[in-house]
Amino acid sequence: MQGVLSAGGAAAMCSLALFPPPLADGEVTLYESNNELVSGSSPNSYSMQEWDPPSLHFPRELLKPHSRPESSSKTAFLDHRDTLWMRSAAAWRDTGLTGVLDEITHSVEEVPKWLGVSAGCILAVLRLASSFHGSLFPHLTLSNMDMVAEFSQVLDWSDCTVRAFAWHPHTDKFAVALLDDSIRIYNSKSETTPTLKHRLQRSVAALQWKPLCASALAVACHTCLLVWHVDPTSLSTRPSSGCAQVLSYPGHAPVTSIAWAPSGSILVSASPVDTAMLVWDVAAEICVPLQRVGGGGVTFLSWAPDGGRLLAATPSALFRVWETWMWTCERWPCLKGRCQSGCWSPDGSRLLFSVQGERVIYALTFNDALGGPKDAAIVADLSDTTFNSPDGDIIIGGEVQSLAWDPRGERLAVLLKGNKMTEGRPAVIAVFKTRSSPVFELLPCGFVNGEAGAEPRLMQFHPRFKHGALLTVCWSNGKMSHVPFYFVSAGAVQPNPLPHLAGQTVDHSSHQLYTIL
(Lines give C-alpha, C1' and ligand atoms only; values in the text may rest on other atoms or scores of the structure.)
Protein backbone atom coordinates (compact mmCIF):
# COMPACT_ATOMS: atom_id res chain seq x y z
CA MET A 1 0.00 0.00 0.00
CA GLN A 2 1.27 3.48 -0.84
CA GLY A 3 0.29 6.89 0.54
CA VAL A 4 0.99 10.43 -0.61
CA LEU A 5 2.41 13.40 1.29
CA SER A 6 0.23 16.49 0.95
CA ALA A 7 -1.22 19.34 2.95
CA GLY A 8 -4.54 17.56 3.31
CA GLY A 9 -6.26 16.18 6.41
CA ALA A 10 -8.22 17.69 9.26
CA ALA A 11 -5.63 19.50 11.34
CA ALA A 12 -4.84 23.09 12.28
CA MET A 13 -1.38 24.48 11.46
CA CYS A 14 0.89 26.36 13.87
CA SER A 15 3.69 28.75 12.92
CA LEU A 16 6.86 29.87 14.71
CA ALA A 17 5.63 33.44 14.24
CA LEU A 18 3.10 32.75 17.02
CA PHE A 19 5.84 31.91 19.56
CA PRO A 20 6.99 34.29 22.28
CA PRO A 21 10.45 35.80 21.57
CA PRO A 22 13.48 33.71 22.59
CA LEU A 23 15.38 34.57 25.75
CA ALA A 24 18.29 36.95 25.75
CA ASP A 25 21.77 35.43 25.66
CA GLY A 26 22.72 34.38 29.20
CA GLU A 27 19.15 33.62 30.30
CA VAL A 28 18.39 29.92 30.87
CA THR A 29 15.02 28.17 30.57
CA LEU A 30 14.18 26.70 33.99
CA TYR A 31 10.65 25.25 33.77
CA GLU A 32 7.11 25.76 32.51
CA SER A 33 4.37 26.83 34.92
CA ASN A 34 0.91 28.27 34.24
CA ASN A 35 1.49 27.78 30.51
CA GLU A 36 4.58 30.01 30.49
CA LEU A 37 8.29 29.22 30.39
CA VAL A 38 10.18 30.65 33.35
CA SER A 39 13.83 31.69 33.00
CA GLY A 40 16.76 32.50 35.26
CA SER A 41 20.40 33.48 35.09
CA SER A 42 21.67 29.91 35.60
CA PRO A 43 20.31 26.36 35.83
CA ASN A 44 21.07 26.39 39.58
CA SER A 45 18.53 29.17 40.20
CA TYR A 46 15.82 26.56 40.45
CA SER A 47 15.63 23.06 41.94
CA MET A 48 12.79 20.61 41.40
CA GLN A 49 10.60 19.94 44.40
CA GLU A 50 10.56 16.15 44.71
CA TRP A 51 13.60 14.81 42.91
CA ASP A 52 16.50 16.31 41.11
CA PRO A 53 18.21 14.40 38.29
CA PRO A 54 21.82 15.41 37.85
CA SER A 55 22.81 18.30 35.61
CA LEU A 56 25.99 16.58 34.49
CA HIS A 57 29.01 18.01 32.69
CA PHE A 58 31.27 15.97 30.41
CA PRO A 59 34.31 18.14 29.54
CA ARG A 60 35.76 17.33 26.13
CA GLU A 61 39.33 17.34 27.41
CA LEU A 62 38.55 14.39 29.71
CA LEU A 63 37.12 12.28 26.88
CA LYS A 64 39.63 10.93 24.41
CA PRO A 65 37.99 9.66 21.21
CA HIS A 66 39.49 6.73 19.33
CA SER A 67 41.63 8.34 16.64
CA ARG A 68 42.67 5.16 14.88
CA PRO A 69 40.16 3.79 12.36
CA GLU A 70 38.76 0.31 12.89
CA SER A 71 40.69 -1.22 9.98
CA SER A 72 44.10 -0.05 11.19
CA SER A 73 43.46 -1.04 14.79
CA LYS A 74 42.41 -4.49 13.59
CA THR A 75 45.72 -5.05 11.81
CA ALA A 76 47.64 -3.89 14.88
CA PHE A 77 46.29 -6.82 16.88
CA LEU A 78 46.00 -9.36 14.07
CA ASP A 79 47.70 -12.65 14.72
CA HIS A 80 49.35 -13.36 11.38
CA ARG A 81 49.76 -17.00 12.33
CA ASP A 82 46.00 -17.45 11.87
CA THR A 83 45.11 -19.68 8.98
CA LEU A 84 43.49 -18.30 5.85
CA TRP A 85 40.29 -20.05 6.88
CA MET A 86 40.26 -18.27 10.26
CA ARG A 87 41.01 -14.87 8.69
CA SER A 88 38.34 -15.42 6.04
CA ALA A 89 35.78 -16.34 8.69
CA ALA A 90 36.61 -13.13 10.57
CA ALA A 91 36.35 -11.12 7.32
CA TRP A 92 32.94 -12.68 6.56
CA ARG A 93 31.71 -11.75 10.01
CA ASP A 94 32.92 -8.16 9.68
CA THR A 95 32.29 -7.20 6.03
CA GLY A 96 30.64 -10.12 4.27
CA LEU A 97 31.57 -11.53 0.85
CA THR A 98 33.78 -8.63 -0.23
CA GLY A 99 35.89 -9.08 2.90
CA VAL A 100 36.43 -12.79 2.15
CA LEU A 101 37.38 -12.08 -1.48
CA ASP A 102 39.76 -9.32 -0.41
CA GLU A 103 41.43 -11.67 2.10
CA ILE A 104 41.89 -14.38 -0.57
CA THR A 105 43.21 -11.85 -3.10
CA HIS A 106 45.90 -10.67 -0.68
CA SER A 107 46.93 -14.18 0.37
CA VAL A 108 48.70 -15.18 -2.85
CA GLU A 109 51.16 -17.45 -1.06
CA GLU A 110 48.42 -19.48 0.61
CA VAL A 111 46.01 -20.12 -2.24
CA PRO A 112 46.29 -21.57 -5.76
CA LYS A 113 46.96 -18.97 -8.42
CA TRP A 114 43.63 -19.59 -10.18
CA LEU A 115 41.73 -19.01 -6.92
CA GLY A 116 43.54 -15.72 -6.21
CA VAL A 117 42.92 -14.47 -9.78
CA SER A 118 39.27 -15.53 -9.67
CA ALA A 119 38.72 -13.84 -6.31
CA GLY A 120 40.32 -10.66 -7.64
CA CYS A 121 38.10 -10.62 -10.74
CA ILE A 122 34.92 -11.23 -8.74
CA LEU A 123 35.96 -8.53 -6.27
CA ALA A 124 36.50 -6.05 -9.13
CA VAL A 125 33.04 -6.82 -10.54
CA LEU A 126 31.46 -6.39 -7.11
CA ARG A 127 33.23 -3.08 -6.59
CA LEU A 128 32.09 -1.88 -10.01
CA ALA A 129 28.53 -2.86 -9.16
CA SER A 130 28.92 -1.18 -5.78
CA SER A 131 30.15 1.99 -7.50
CA PHE A 132 27.06 2.00 -9.73
CA HIS A 133 24.88 1.33 -6.69
CA GLY A 134 26.63 4.21 -4.93
CA SER A 135 25.71 6.56 -7.77
CA LEU A 136 22.06 5.63 -7.13
CA PHE A 137 22.47 5.87 -3.34
CA PRO A 138 25.22 8.44 -2.62
CA HIS A 139 25.26 7.64 1.11
CA LEU A 140 27.00 4.34 0.30
CA THR A 141 30.16 6.28 -0.63
CA LEU A 142 30.44 7.66 2.93
CA SER A 143 32.72 6.15 5.54
CA ASN A 144 31.01 4.34 8.39
CA MET A 145 31.69 7.24 10.79
CA ASP A 146 30.32 9.80 8.34
CA MET A 147 27.29 7.59 7.74
CA VAL A 148 26.50 7.44 11.44
CA ALA A 149 26.87 11.23 11.70
CA GLU A 150 24.62 11.75 8.67
CA PHE A 151 21.73 9.66 9.96
CA SER A 152 22.05 10.18 13.72
CA GLN A 153 19.27 11.93 15.64
CA VAL A 154 22.06 13.84 17.43
CA LEU A 155 22.99 17.20 15.89
CA ASP A 156 26.68 17.30 14.96
CA TRP A 157 27.19 13.75 16.27
CA SER A 158 30.89 13.56 15.25
CA ASP A 159 31.83 16.48 17.48
CA CYS A 160 29.36 15.92 20.32
CA THR A 161 30.62 14.75 23.72
CA VAL A 162 27.29 12.96 24.36
CA ARG A 163 26.52 10.69 21.42
CA ALA A 164 23.46 8.86 22.72
CA PHE A 165 21.13 9.01 25.70
CA ALA A 166 18.32 6.79 27.02
CA TRP A 167 15.99 7.05 29.98
CA HIS A 168 14.86 3.72 31.41
CA PRO A 169 11.12 3.27 30.67
CA HIS A 170 10.16 2.29 34.22
CA THR A 171 12.72 3.54 36.74
CA ASP A 172 14.61 6.76 37.40
CA LYS A 173 17.86 5.86 35.70
CA PHE A 174 19.47 6.68 32.38
CA ALA A 175 22.42 5.69 30.19
CA VAL A 176 24.79 8.11 28.45
CA ALA A 177 27.14 7.17 25.58
CA LEU A 178 30.17 9.45 25.40
CA LEU A 179 32.74 10.55 22.85
CA ASP A 180 35.27 8.01 24.15
CA ASP A 181 32.81 5.14 23.40
CA SER A 182 32.14 4.48 27.08
CA ILE A 183 28.62 4.27 28.49
CA ARG A 184 27.76 5.47 31.98
CA ILE A 185 24.63 4.54 33.92
CA TYR A 186 23.10 6.83 36.54
CA ASN A 187 20.54 5.36 38.93
CA SER A 188 18.40 7.19 41.49
CA LYS A 189 18.58 4.21 43.84
CA SER A 190 22.34 3.75 43.79
CA GLU A 191 25.42 5.87 44.30
CA THR A 192 27.35 3.52 42.00
CA THR A 193 27.86 4.72 38.43
CA PRO A 194 28.73 1.71 36.25
CA THR A 195 30.89 2.40 33.21
CA LEU A 196 30.46 0.02 30.26
CA LYS A 197 33.34 -0.63 27.89
CA HIS A 198 33.78 -3.27 25.19
CA ARG A 199 36.26 -3.71 22.35
CA LEU A 200 33.38 -3.70 19.84
CA GLN A 201 31.68 -0.69 21.40
CA ARG A 202 32.71 1.88 18.79
CA SER A 203 30.80 4.77 17.17
CA VAL A 204 27.74 4.35 19.39
CA ALA A 205 24.74 5.70 17.46
CA ALA A 206 21.82 4.79 19.74
CA LEU A 207 20.88 3.34 23.13
CA GLN A 208 17.61 1.82 24.30
CA TRP A 209 16.62 0.01 27.50
CA LYS A 210 14.56 -3.15 27.19
CA PRO A 211 10.96 -2.58 28.37
CA LEU A 212 9.73 -4.58 31.38
CA CYS A 213 13.32 -5.41 32.32
CA ALA A 214 15.61 -3.71 34.82
CA SER A 215 18.97 -4.68 33.40
CA ALA A 216 19.10 -5.02 29.56
CA LEU A 217 20.49 -2.13 27.49
CA ALA A 218 20.81 -2.36 23.67
CA VAL A 219 23.64 -0.44 22.00
CA ALA A 220 23.96 0.32 18.27
CA CYS A 221 27.67 0.12 17.35
CA HIS A 222 30.07 0.41 14.43
CA THR A 223 30.04 -3.28 13.47
CA CYS A 224 27.37 -4.91 15.61
CA LEU A 225 24.71 -4.69 18.28
CA LEU A 226 25.59 -5.10 21.94
CA VAL A 227 23.04 -5.99 24.60
CA TRP A 228 24.41 -5.31 28.07
CA HIS A 229 22.95 -7.05 31.11
CA VAL A 230 23.81 -4.88 34.09
CA ASP A 231 22.50 -5.96 37.50
CA PRO A 232 21.01 -2.81 39.07
CA THR A 233 21.88 -4.09 42.56
CA SER A 234 25.55 -4.69 41.73
CA LEU A 235 28.17 -2.43 43.31
CA SER A 236 30.61 -2.97 40.44
CA THR A 237 31.66 0.18 38.58
CA ARG A 238 33.19 -1.72 35.64
CA PRO A 239 31.00 -4.65 34.57
CA SER A 240 32.88 -7.31 32.63
CA SER A 241 32.59 -7.43 28.83
CA GLY A 242 31.13 -10.88 29.44
CA CYS A 243 27.95 -9.10 30.53
CA ALA A 244 27.38 -8.05 26.92
CA GLN A 245 25.81 -10.15 24.16
CA VAL A 246 27.24 -9.52 20.70
CA LEU A 247 24.70 -9.63 17.86
CA SER A 248 26.09 -9.29 14.34
CA TYR A 249 24.96 -10.06 10.82
CA PRO A 250 26.95 -9.85 7.55
CA GLY A 251 26.40 -6.59 5.69
CA HIS A 252 24.50 -5.00 8.58
CA ALA A 253 26.91 -2.29 9.75
CA PRO A 254 27.10 0.41 10.88
CA VAL A 255 23.96 0.09 12.99
CA THR A 256 22.34 3.54 13.27
CA SER A 257 19.01 2.80 14.95
CA ILE A 258 17.44 0.23 17.27
CA ALA A 259 13.94 -0.23 18.68
CA TRP A 260 12.59 -2.64 21.28
CA ALA A 261 9.01 -3.79 20.96
CA PRO A 262 7.00 -2.24 23.84
CA SER A 263 6.52 -5.77 25.18
CA GLY A 264 10.30 -6.31 25.20
CA SER A 265 9.88 -9.54 23.22
CA ILE A 266 11.92 -8.56 20.15
CA LEU A 267 14.54 -6.01 19.12
CA VAL A 268 14.75 -4.43 15.65
CA SER A 269 17.96 -2.96 14.22
CA ALA A 270 18.66 -0.84 11.14
CA SER A 271 21.68 0.00 8.99
CA PRO A 272 21.85 2.47 6.07
CA VAL A 273 23.76 -0.09 3.98
CA ASP A 274 21.26 -2.92 4.48
CA THR A 275 17.83 -2.81 2.82
CA ALA A 276 16.61 -5.31 5.42
CA MET A 277 15.85 -4.41 9.01
CA LEU A 278 16.65 -7.25 11.37
CA VAL A 279 14.14 -8.58 13.90
CA TRP A 280 16.13 -10.16 16.74
CA ASP A 281 15.24 -12.82 19.25
CA VAL A 282 17.91 -11.64 21.67
CA ALA A 283 17.76 -14.63 24.00
CA ALA A 284 18.37 -17.05 21.10
CA GLU A 285 20.76 -14.62 19.32
CA ILE A 286 19.01 -15.20 15.98
CA CYS A 287 17.34 -12.74 13.63
CA VAL A 288 14.87 -12.60 10.76
CA PRO A 289 15.57 -10.05 7.98
CA LEU A 290 12.57 -8.04 6.81
CA GLN A 291 13.48 -6.95 3.30
CA ARG A 292 11.75 -4.64 0.85
CA VAL A 293 12.93 -3.37 -2.54
CA GLY A 294 13.79 0.32 -2.66
CA GLY A 295 15.19 2.85 -0.25
CA GLY A 296 18.85 1.81 -0.22
CA GLY A 297 18.88 0.91 3.49
CA VAL A 298 17.12 1.70 6.75
CA THR A 299 18.24 4.69 8.84
CA PHE A 300 15.77 5.30 11.67
CA LEU A 301 13.24 3.23 13.62
CA SER A 302 10.44 4.29 15.95
CA TRP A 303 7.99 1.85 17.51
CA ALA A 304 4.48 3.05 18.39
CA PRO A 305 3.82 2.84 22.16
CA ASP A 306 0.91 0.41 21.63
CA GLY A 307 3.23 -1.93 19.68
CA GLY A 308 0.99 -2.01 16.61
CA ARG A 309 3.16 -0.07 14.15
CA LEU A 310 6.81 0.62 13.42
CA LEU A 311 8.23 3.56 11.47
CA ALA A 312 11.22 2.67 9.27
CA ALA A 313 12.93 5.57 7.47
CA THR A 314 15.33 5.03 4.54
CA PRO A 315 18.19 7.08 3.05
CA SER A 316 15.98 7.79 0.04
CA ALA A 317 12.82 9.84 -0.40
CA LEU A 318 10.50 7.23 1.07
CA PHE A 319 9.69 5.64 4.40
CA ARG A 320 7.60 2.68 5.51
CA VAL A 321 5.12 2.15 8.31
CA TRP A 322 5.02 -1.51 9.29
CA GLU A 323 2.00 -3.17 10.84
CA THR A 324 3.56 -5.55 13.36
CA TRP A 325 0.82 -8.16 13.63
CA MET A 326 1.25 -9.62 10.12
CA TRP A 327 4.40 -7.59 9.27
CA THR A 328 2.96 -5.86 6.23
CA CYS A 329 3.93 -2.29 5.41
CA GLU A 330 2.69 0.91 3.81
CA ARG A 331 5.12 2.77 1.59
CA TRP A 332 5.18 6.59 1.81
CA PRO A 333 7.21 8.50 -0.81
CA CYS A 334 8.48 11.98 0.11
CA LEU A 335 8.69 14.87 -2.34
CA LYS A 336 12.04 16.47 -1.43
CA GLY A 337 14.12 14.17 0.74
CA ARG A 338 14.27 11.38 3.27
CA CYS A 339 12.32 11.11 6.49
CA GLN A 340 14.65 12.62 9.12
CA SER A 341 12.78 11.94 12.35
CA GLY A 342 9.43 10.81 13.71
CA CYS A 343 7.51 10.21 16.94
CA TRP A 344 4.21 8.60 17.94
CA SER A 345 1.24 9.68 20.03
CA PRO A 346 0.77 7.69 23.26
CA ASP A 347 -2.03 5.57 21.78
CA GLY A 348 -0.13 4.89 18.53
CA SER A 349 -2.86 6.43 16.38
CA ARG A 350 -0.85 9.42 15.12
CA LEU A 351 2.65 9.74 13.69
CA LEU A 352 4.44 13.09 13.48
CA PHE A 353 7.46 13.23 11.20
CA SER A 354 9.81 15.58 9.39
CA VAL A 355 11.41 15.39 5.94
CA GLN A 356 14.90 16.52 5.00
CA GLY A 357 14.79 19.69 2.91
CA GLU A 358 11.34 20.72 4.19
CA ARG A 359 10.52 23.17 6.98
CA VAL A 360 7.28 21.64 8.16
CA ILE A 361 6.02 18.87 10.44
CA TYR A 362 3.67 16.29 8.95
CA ALA A 363 1.05 14.16 10.71
CA LEU A 364 -0.36 10.78 9.72
CA THR A 365 -3.49 9.61 11.51
CA PHE A 366 -4.20 5.87 11.59
CA ASN A 367 -7.73 4.52 11.93
CA ASP A 368 -7.96 0.78 11.38
CA ALA A 369 -11.72 1.01 10.82
CA LEU A 370 -11.17 3.35 7.85
CA GLY A 371 -8.30 1.43 6.31
CA GLY A 372 -5.43 3.73 7.26
CA PRO A 373 -4.47 7.27 6.20
CA LYS A 374 -4.60 8.36 2.57
CA ASP A 375 -2.42 11.45 2.92
CA ALA A 376 -0.33 13.36 5.44
CA ALA A 377 -1.36 16.72 6.88
CA ILE A 378 1.01 19.61 7.59
CA VAL A 379 0.54 20.61 11.23
CA ALA A 380 3.44 23.05 11.79
CA ASP A 381 5.22 25.64 9.64
CA LEU A 382 8.89 25.99 10.63
CA SER A 383 9.83 28.67 8.09
CA ASP A 384 12.47 31.20 9.14
CA THR A 385 11.08 33.76 11.57
CA THR A 386 12.99 36.84 12.74
CA PHE A 387 12.79 37.83 16.40
CA ASN A 388 14.14 41.06 17.86
CA SER A 389 16.31 40.69 20.96
CA PRO A 390 18.71 42.88 22.99
CA ASP A 391 21.56 40.98 21.32
CA GLY A 392 20.27 41.74 17.82
CA ASP A 393 17.97 39.95 15.42
CA ILE A 394 17.74 36.17 15.78
CA ILE A 395 16.43 34.00 12.96
CA ILE A 396 14.77 30.79 14.11
CA GLY A 397 13.43 28.10 11.81
CA GLY A 398 14.59 25.62 9.23
CA GLU A 399 14.97 21.88 9.00
CA VAL A 400 14.28 19.48 11.85
CA GLN A 401 17.02 17.34 13.38
CA SER A 402 14.82 15.35 15.76
CA LEU A 403 11.34 15.19 17.29
CA ALA A 404 10.31 14.12 20.80
CA TRP A 405 6.73 13.78 22.11
CA ASP A 406 6.17 13.42 25.83
CA PRO A 407 4.45 10.20 27.03
CA ARG A 408 1.23 12.08 27.88
CA GLY A 409 1.03 13.44 24.35
CA GLU A 410 0.81 17.09 25.47
CA ARG A 411 4.25 18.57 24.72
CA LEU A 412 6.21 18.21 21.49
CA ALA A 413 9.90 19.19 21.39
CA VAL A 414 11.43 20.02 18.00
CA LEU A 415 15.20 20.34 17.61
CA LEU A 416 15.85 22.76 14.73
CA LYS A 417 19.25 22.48 13.06
CA GLY A 418 19.90 26.21 12.56
CA ASN A 419 22.97 27.17 10.52
CA LYS A 420 26.32 27.23 12.33
CA MET A 421 27.94 28.97 9.33
CA THR A 422 25.64 31.99 9.70
CA GLU A 423 25.63 34.31 12.71
CA GLY A 424 22.23 34.66 14.36
CA ARG A 425 20.98 31.27 13.14
CA PRO A 426 21.48 29.01 16.20
CA ALA A 427 20.19 25.49 16.68
CA VAL A 428 17.23 25.70 19.05
CA ILE A 429 14.50 23.61 20.67
CA ALA A 430 10.96 24.78 19.99
CA VAL A 431 8.30 23.28 22.26
CA PHE A 432 4.67 22.99 21.16
CA LYS A 433 1.60 22.16 23.20
CA THR A 434 -0.44 19.44 21.52
CA ARG A 435 -4.19 19.06 21.56
CA SER A 436 -6.25 16.27 20.01
CA SER A 437 -9.82 17.51 20.43
CA PRO A 438 -11.91 18.70 18.62
CA VAL A 439 -9.16 18.52 15.96
CA PHE A 440 -5.49 17.74 16.30
CA GLU A 441 -3.38 20.88 16.53
CA LEU A 442 -0.10 22.24 17.77
CA LEU A 443 -0.02 25.40 19.91
CA PRO A 444 3.03 27.56 20.73
CA CYS A 445 4.73 27.05 24.09
CA GLY A 446 8.23 28.57 23.75
CA PHE A 447 11.92 28.07 23.05
CA VAL A 448 14.26 26.23 25.41
CA ASN A 449 17.44 28.21 26.02
CA GLY A 450 20.71 26.99 27.53
CA GLU A 451 23.79 28.72 28.89
CA ALA A 452 25.45 31.45 26.83
CA GLY A 453 26.98 30.01 23.67
CA ALA A 454 25.56 26.50 24.20
CA GLU A 455 23.34 24.92 21.55
CA PRO A 456 21.18 21.81 21.93
CA ARG A 457 22.46 18.58 20.43
CA LEU A 458 20.19 15.83 21.80
CA MET A 459 16.90 15.66 23.71
CA GLN A 460 14.56 13.10 25.21
CA PHE A 461 11.48 13.18 27.46
CA HIS A 462 11.42 11.30 30.76
CA PRO A 463 8.96 8.39 30.36
CA ARG A 464 7.17 8.72 33.71
CA PHE A 465 7.36 12.26 35.12
CA LYS A 466 4.14 12.56 37.11
CA HIS A 467 3.75 16.36 37.20
CA GLY A 468 3.61 16.84 33.43
CA ALA A 469 6.69 16.38 31.23
CA LEU A 470 10.44 16.47 31.84
CA LEU A 471 12.76 17.19 28.92
CA THR A 472 16.43 16.19 29.16
CA VAL A 473 18.74 18.21 26.90
CA CYS A 474 22.40 17.57 26.08
CA TRP A 475 24.24 20.76 25.02
CA SER A 476 27.21 21.54 22.80
CA ASN A 477 29.34 22.51 25.82
CA GLY A 478 29.11 18.97 27.22
CA LYS A 479 26.48 19.81 29.85
CA MET A 480 23.18 18.09 30.44
CA SER A 481 20.09 19.78 31.87
CA HIS A 482 16.50 18.80 32.70
CA VAL A 483 13.59 21.16 32.01
CA PRO A 484 10.26 20.30 33.69
CA PHE A 485 6.95 21.31 32.13
CA TYR A 486 4.38 21.46 34.92
CA PHE A 487 0.79 20.95 33.80
CA VAL A 488 -2.27 18.88 34.63
CA SER A 489 -2.99 16.34 31.94
CA ALA A 490 -6.26 16.96 30.10
CA GLY A 491 -7.31 13.32 30.52
CA ALA A 492 -6.30 12.92 34.18
CA VAL A 493 -9.09 11.55 36.40
CA GLN A 494 -7.17 12.25 39.62
CA PRO A 495 -4.33 14.58 38.66
CA ASN A 496 -1.22 14.73 40.82
CA PRO A 497 -1.04 18.11 42.59
CA LEU A 498 1.51 20.40 41.01
CA PRO A 499 4.42 21.46 43.20
CA HIS A 500 4.33 24.97 44.64
CA LEU A 501 7.02 26.93 42.77
CA ALA A 502 6.84 30.50 43.98
CA GLY A 503 9.44 31.61 46.45
CA GLN A 504 10.11 28.28 48.13
CA THR A 505 13.49 27.18 49.36
CA VAL A 506 13.63 23.42 49.72
CA ASP A 507 16.39 21.36 51.30
CA HIS A 508 17.16 18.52 48.90
CA SER A 509 20.12 17.12 50.82
CA SER A 510 18.03 14.39 52.38
CA HIS A 511 16.71 13.03 49.07
CA GLN A 512 19.42 13.59 46.46
CA LEU A 513 18.74 10.92 43.87
CA TYR A 514 21.97 10.87 41.93
CA THR A 515 25.67 11.13 42.58
CA ILE A 516 27.19 13.83 40.38
CA LEU A 517 30.64 13.19 38.99
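Predicted model: local features only at pLDDT ≥ 70, side-chain atom pairs only at ≥ 80, totals over all residues.

Reader: How many helices and strands does the chain have?

Author: Helices (H or I, at least four residues) and strands (E, at least two) are DSSP runs, numbered from the N terminus. Here there are five helices and 33 strands.

Reader: What share of the residues is buried?

Author: Buried means under 20% relative accessible area, exposed over 50%, and partly exposed in between (1.4 Å probe, protein chains only). In this chain of 517 residues, 52% are buried.

Reader: Which residues touch the most other members of the largest nonpolar core?

Author: In soluble globular proteins, nonpolar side chains tend to be buried together. A nonpolar core is a set of buried Ala, Val, Leu, Ile, Met, Phe, Trp, Tyr and Cys residues joined through side-chain atoms within 4.5 Å. The largest one has 34 residues, and Phe58, Phe174, Val176, Val227, Ile258, Leu267 and Trp280 touch the most other members. Elements giving two or more residues to this core include strand E6 (173-178) and strand E15 (276-281). A second, separate core has 25 residues, among them Cys14 and Phe387.

Reader: Which residues does Val176 contact, beyond its neighbours within four places in sequence?

Author: Contact means heavy atoms within 4.5 Å. The partners of Val176 include Phe58, Val162, Leu207 and Met480.

Reader: Is Ser269 buried or exposed?

Author: Ser269 is buried, because its relative accessibility is 0%. Ser269 sits in strand E14 (residues 267-270). Not counting residues up to four places away, Ser269 touches Leu225, Ile258 and Leu301, among others. Ala220 is 49 residues away along the chain, yet the two C-alpha atoms are 7.9 Å apart.

Reader: Which side chains make polar contacts with the side chain of Ser269?

Author: A polar contact is a pair of N or O atoms within 3.5 Å; within protein, one must be able to donate a hydrogen and the other to accept it, and residues adjacent in sequence count only if both atoms are side-chain atoms. Another goes to the side chain of Trp280 (3.0 Å).

Reader: Where does His482 lie?

Author: His482 is in strand E33 (residues 480-486). His482 counts as buried because its relative accessible area is 9%. Its side chain makes a polar contact of 2.9 Å with that of Thr472.

Reader: How many cavities of 30 Å³ or more are there?

Author: On a 1 Å grid over the protein atoms alone, a cavity is a set of points where a 1.4 Å probe fits but cannot get out, and a pocket is an open set with protein on both sides within 12 Å along at least five of seven lines; lining residues have an atom within 4 Å of a point. Grid points are joined across faces, edges and corners, and a volume is the space filled by probe spheres set on the points. There are three such cavities.

Reader: What volume has the second largest pocket?

Author: About 1400 Å³. Of its 47 lining residues, Gln208, Ser302, Trp303, Gln460 and Phe461 lie nearest its centre.

Definitions and conventions: Residues numbered from 1 in each chain as written. Heavy atoms only, no water.
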